[in-house]
Amino acid sequence: MNGPIASPPTPSAGFLTPTTPPADAVLPPRAPEAPAPGSPLGSHYDQCFGCGPQHPQGLRMTTTAGEGLEVFAEFTVQDCHQGGPGLAHGGLLTTAMDETLGSLNWLLHAPAVTGRLETDFVCPVPVDSVLHIHAWITGVHGRKIYSAAEGRIGGPDGPLAIRAQALFIQVKLEHFTTHGRPEDIKKVLDDSDLMKRARAFEVNP
Ligand SMILES: CCCCCCCC/C=C\CCCCCCCC(=O)SCCNC(=O)CCNC(=O)[C@H](O)C(C)(C)COP(=O)(O)OP(=O)(O)OC[C@H]1O[C@@H](n2cnc3c(N)ncnc32)[C@H](O)[C@@H]1OP(=O)(O)O
């Protein structure tokens with residue numbers, strides 16, 4: 001069918017909330033409990049698609065704390081991550097960025113979930129590439145955590161392939177217990193190791 005669409009759908013209110021921090025946002029100090037610079041951050045949940053070591057098809061990403069409010073991660077693009085032939089699927093690259101940005105939670109020691117994530121795909125990323133991701137907090141305003149990330153091919157100074165800006169919202173642990181599938185929540189509650197991970201975030205906003 002040709003011609004203009006009679007009444008295009010309009011985004012719902014709030015859709016265009018920016019991911020850049022407002023002028024009165026702050027950069028808080030690292031939480032005293034935050035892992036030391038250079039330490040691996042581990043996984044917040046063993047079945048997480050991004051970082052869970054027990055997830056059968058997951059990305060199994062590992063993240064390292066940087067100095068200040070920043071983290072570093074690596075993501076190796078595998079055969080099963082293809083979108084175009086021999087090239088990474090954009091959605092998976094976005095997942096890797098989301099996961100790395102989510103790891104910034106560890107530095108503030110409070111759980112937060114992605115509210116908005118914007119991604120620029122700057123150049124194609126071939127299969128077998130190692131994407132070096134650097135993510136940092138750009139501001140905190142109440143429960144809102146603003147952050148940004150870059151992914152470079154082959155090394156920390158390699159060509160820029162992807163960049164992202166995000167708004168995460170701090171939540172209480174009840175966010176997960178209220179909305180999560182009950183059997184998965186029960187497994188976490190029944191497993192002292194998994195609960196220890198969850199408790200790492202018990203300092204609520
Ligand atoms: C015993 C078991 C324990 C297990 C524990 C495990 C430990 C876990 C630890 C760490 C987890 C880290 C996980 C990382 C994984 C990678 C990251 C992801 O993929 S997360 C998944 C995808 N994201 C979602 O599923 C969010 C779905 N959305 C929501 O649940 C709500 O909308 C939520 C919580 C984001 C906000 O809801 P509200 O009711 O709490 O708060 P309101 O009042 O609506 O918003 C607060 C402020 O934020 C703004 N805001 C909210 N959503 C926004 C959005 N989408 N875009 C822009 N602004 C937004 C609002 O305009 C408001 O701003 P104003 O304070 O008024 O200035």
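Author: What follows treats the sheet, the helix across it and the core.

This is a predicted model, in which local features need pLDDT of at least 70, side-chain atom pairs count only at pLDDT 80 or more, and totals for chains, interfaces and linings use all residues. Residues are numbered from 1 along each chain as its sequence is written.

The chain has five helices and six strands; helices (H or I, at least four residues) and strands (E, at least two) are DSSP runs, numbered from the N terminus. Along the sequence, these elements follow the pattern β-β-α-α-β-β-β-β-α-α-α.

The six strands form an open, antiparallel sheet in the order β1-β2-β4-β5-β6-β3, where two strands pair if DSSP finds at least two bridges between them. β1 (62–65) and β3 (112–121) are at the edges and have a single partner strand each, so one side of each is left without a neighbour in the sheet. From one strand to the next, the twist averages 20 degrees; axes are lines fitted to C-alpha atoms, for helices over the stretch in contact, and angles run from 0 to 180 degrees between N-to-C directions.

Within the sheet, β5 (residues 144–153) and β6 (residues 160–170) run antiparallel and are joined by nine bridges. Lys-144 stands opposite Ile-169 in β6.

Helix α1 (residues 90–102) lies across β1, β2 (70–76), β3, β4 (130–141), β5 and β6, and runs at about 135 degrees to β3. Contact here requires that the C-beta atoms of two residues, placed from the backbone, lie within 7 Å.

The largest nonpolar core has 37 residues, among which Phe-75, Ala-96, Met-97, Leu-101, Leu-104 and Ile-133 touch the most other members. Such a core is a set of buried Ala, Val, Leu, Ile, Met, Phe, Trp, Tyr and Cys residues joined through C-beta atoms within 7 Å. A residue is buried if 20 or more other C-beta atoms lie within 10 Å of its own, exposed if 12 or fewer, and partly exposed in between, with C-beta atoms placed from the backbone. The elements giving two or more residues to this core are β2, α1, α2 (105–108), β4, β5 and β6, and β6 gives the most, with six residues. Leaving aside residues up to four places away in sequence, Ile-133 touches Phe-72, Ala-73, Phe-75, Ala-96, Met-97, Thr-100, Ala-149 and Gly-151.

Over the chain, 28% of the 205 residues count as buried.
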